[in-house]
Amino acid sequence: LLDCKKVWFQLADGSYQENGLRPLVMDLDELAYRDYHSHDDKWLIYGKEMVQGDPMHGDPVFQMMGSRGCIYKCSYCYNSTYKKDVYPGQKWFRVRSPASMVDEIKKAREHWPMKRIRFDDEVFNFQKDWLIEFCEIYPREVGLPFEIFIEPKLVNEQRMEMLRDAGLKNVYMGVQSSERV
């Protein structure tokens, strides 16, 4: 256990052992899905209260992410610090395949009465080939309305029409720059 990456330990003499960081996972499709079926062994700690059970289970909005990191380098955002200082030289923005995302939603629906999906990515993936694949399989395999977070510079009529036709109902957009948008 003492050589487990990304963990700090206080040793018997009172000193601390800082273990190095693990490298970032590049292929997000290799990651296991969240546990959607067991609830008794989960706890929500909220202030001084502890509530047993998965606090998200049963919420009509299913939240998930299809990417890690961000494509931008905004000086005010934690992503810039992680990209530059914590994980320098590693590919920061990584994306799951649309098939992996759809498969996770289908597995979660076996245990969860969701009514819509919210993709909580920093910026929803707008890479054209990925977007085309997502917009083809999502409505066919899932068919629920969904919402996304986007950045104004990535919006264009073609992309938004594709997403609308795939089930997009809500868009969250932050204008967080002094640059002209």
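Predicted model: local features only at pLDDT ≥ 70, side-chain atom pairs only at ≥ 80, totals over all residues.
Residues are numbered from 1 along each chain as its sequence is written, and side-chain values use heavy atoms, without hydrogens and water.

Two packed helices are described by the angle between their axes and the distance between the axes. Axes are lines fitted to C-alpha atoms over the stretch in contact, with angles from 0 to 180 degrees between N-to-C directions, and helices are DSSP runs (H or I, at least four residues).

| Helices | Angle | Axis distance |
|---|---|---|
| H2 (98-109) and H3 (128-141) | roughly 25° | within 9 Å |
| H3 and H4 (157-166) | about 20° | 8 Å |

Because angles under 35 degrees count as roughly parallel, H2 and H3 are roughly parallel to each other, and H3 and H4 are therefore roughly parallel as well. The crossing of H3 and H4 is left-handed.

In the contact of H2 with H3 (heavy atoms within 4.5 Å), residues including Met101 and Ile105 in H2 meet residues including Phe134 and Tyr138 in H3. Where H3 meets H4, the residues include Phe134 and Tyr138 in H3, and Met162 and Leu163 in H4.

Away from these helix pairs, Cys70 lies in the loop between strand S6 (67-68) and helix H1 (78-86). Cys70 counts as buried (under 20% relative accessible area, with a 1.4 Å probe and protein chains only), because its relative accessibility is 10%.

Methods: Helix = DSSP H or I, 4+ residues; strand = E, 2+ residues; numbered from the N terminus. Parallel < 35°, antiparallel > 145°, perpendicular 65-115°, else oblique. Buried < 20%, exposed > 50% of the residue type's maximum accessible area, 1.4 Å probe, protein only. Left-handed = near helix turned anticlockwise from the far one by under 90°.
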